[in-house]
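Here is a short report for a first look at a structure. Start with the view below, then read on.

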Amino acid sequence: MIPLKRLVATVVLLLTVSMNLLAQQAASQEIEMADRLREDGKIWVVVGVIALIFAGIVLYLVRLDSKISKLEKKIH
Amino acid sequence: MKKNWWKILTVVLLFYVLVMGMVGRVPRQPILNETVRNLYFHVTMWFGMVIFLFTSLVYAIRYLRSNNITDDDKSAEFAKTGILFGLIGYVTGALWGSATWGDPLPKDPKIISAAIAMLAYFAYLVLRGAFEDEQKRARISSTYNIFAFVIFNVLIWILPRLTDSLHPGNGGNPGFKIYDSDNVMKPVFYPAIMGWTLLGVWITTLRVRIKNLDRKLSEV
């Protein structure tokens, strides 16, 4: 015969384990978003990189624009 | 400098879009998750393309009425920028689709229609390359431009709506509005359309100016 104490302990253990599983299921049902990414603040690194690339492209366009303007002045 | 204020506006708008597009609040949607931010980047490419191809059509008609070769230059350069934006839209759509629809190029009527519409404009470029005489090239390609624009619009606006499609707002699907029910994306989406379109206009004007210079040099 199984001692009552051990039986109760086993049931409690099984319950806690299954509760844990239920909680996990609930968490995975939430829609995942990059919350942690922004909490960590690291998304700003990516924003910075994009901003730098964009600044480079704009600088390139501005220089191209002014070069064409100079040529136009030369020819007119 | 007075004539260049819109270039500053372009940079300011796009800078705002790039930053807010990455960190701004977006609606929580299953499957889409954070990729809903592509609304500011992928979708705006197609908006820009339609605007450029329409501008190209307007200049083509202007050329046919005026016979002024600079109108044809503008028409051709706007068409080229439109094609560039279309290609970028296609590639970015494939990347987005592979993450959300599970296939970069699913057999979707809108994707196939867009590919055929792009082919109509590739044919426009081939047609332009086939002529030596400037006026002849301008006249025939301007006429073809009208035809291509009609085909393009039938293909991307009408046909996908007649059948089932994965794209929002097509084939009985609800429009994008359901994803943005509380309108948090509009303050970034509308500036994004304006910003990317203005960037395309800037690039087009640079190309038109180079063409003008080239013409002046060959006359000398």
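How many helices and strands make up the secondary structure of chain B? There are six helices and zero strands. Helices (H or I, at least four residues) and strands (E, at least two) are DSSP runs, numbered from the N terminus.

## Basis of the model

This is a predicted model, in which local features need pLDDT of at least 70, side-chain atom pairs count only at pLDDT 80 or more, and totals for chains, interfaces and linings use all residues. Residues are numbered from 1 along each chain as its sequence is written, while chains are lettered from A and ligands numbered from 1 in the order in which they are written.

## The two chains

Along the sequence, chain B reads α-α-α-α-α-α. Its C-alpha trace spans about 60 × 45 × 25 Å along the principal axes.

Of the 220 residues of chain B, 34% count as buried. A residue is buried if 20 or more other C-beta atoms lie within 10 Å of its own, exposed if 12 or fewer, and partly exposed in between; the C-beta atoms are placed from the backbone. Chain A has three helices and zero strands, in the pattern α-α-α. Buried residues make up 0% of its 76 residues.

## Where the chains meet

The contact between the chains takes 19 residues from chain B and 19 residues from chain A. Two residues are in contact if their C-beta atoms, placed from the backbone, lie within 7 Å. On the side of chain B that touches chain A, α1 (5-23) and α6 (186-219) each supply at least two residues. This side of chain B divides into 13 nonpolar, two polar and four charged residues. Here Ala, Val, Leu, Ile, Met, Phe, Trp, Tyr, Cys and Pro count as nonpolar, Asp, Glu, Lys and Arg as charged, and the others, Gly among them, as polar.

## The core of chain B

The largest nonpolar core has 40 residues. Such a core is a set of buried Ala, Val, Leu, Ile, Met, Phe, Trp, Tyr and Cys residues joined through C-beta atoms within 7 Å. V17(B), L53(B) and F152(B) have the most contacts inside it. Each of α1, α2, α3 (69-100), α4 (109-129), α5 and α6 of chain B supplies at least two residues of this core. The largest share, ten residues, comes from α2(B).

Leaving aside neighbours within four places in sequence, L53(B) touches A79(B), G82(B), F149(B) and F152(B).

## Helix α2 against helix α5

Two packed helices are described by the angle between their axes and the distance between the axes. In chain B, α2 (residues 42-66) and α5 (residues 134-158) pack at an angle of about 140 degrees, with their axes 9 Å apart. Axes are lines fitted to C-alpha atoms, for helices over the stretch in contact, and angles run from 0 to 180 degrees between N-to-C directions.

From α2(B), the contact uses L53(B), S56(B), L57(B), A60(B), Y63(B) and L64(B). From α5(B), it uses A138(B), S142(B), N145(B), I146(B), F149(B) and F152(B). These residues divide into nine nonpolar, three polar and no charged.

Why does M45(B) count as buried? Because 24 other C-beta atoms lie within 10 Å of M45(B). M45(B) sits in helix α2 of chain B. M45(B) and F85(B) are 40 residues apart in sequence, yet 5.5 Å apart in space, C-alpha to C-alpha. Beyond its neighbours within four places in sequence, M45(B) contacts F85(B), I88(B), G89(B), T92(B) and W196(B).

S141(B) belongs to helix α5 of chain B. S141(B) is also buried, with 24 other C-beta atoms within 10 Å. Leaving aside neighbours within four places in sequence, S141(B) contacts Y124(B), L127(B) and R128(B).

## Two loop residues

Most residues other than glycine have a negative phi. I31(B), in the loop between α1 and α2 of chain B, has a positive phi near 65 degrees. I31(B) counts as exposed, with 11 C-beta neighbours inside 10 Å.

N67(B) lies in the loop between α2 and α3 of chain B. Its phi is positive too, near 60 degrees. With 12 C-beta neighbours inside 10 Å, N67(B) counts as exposed.
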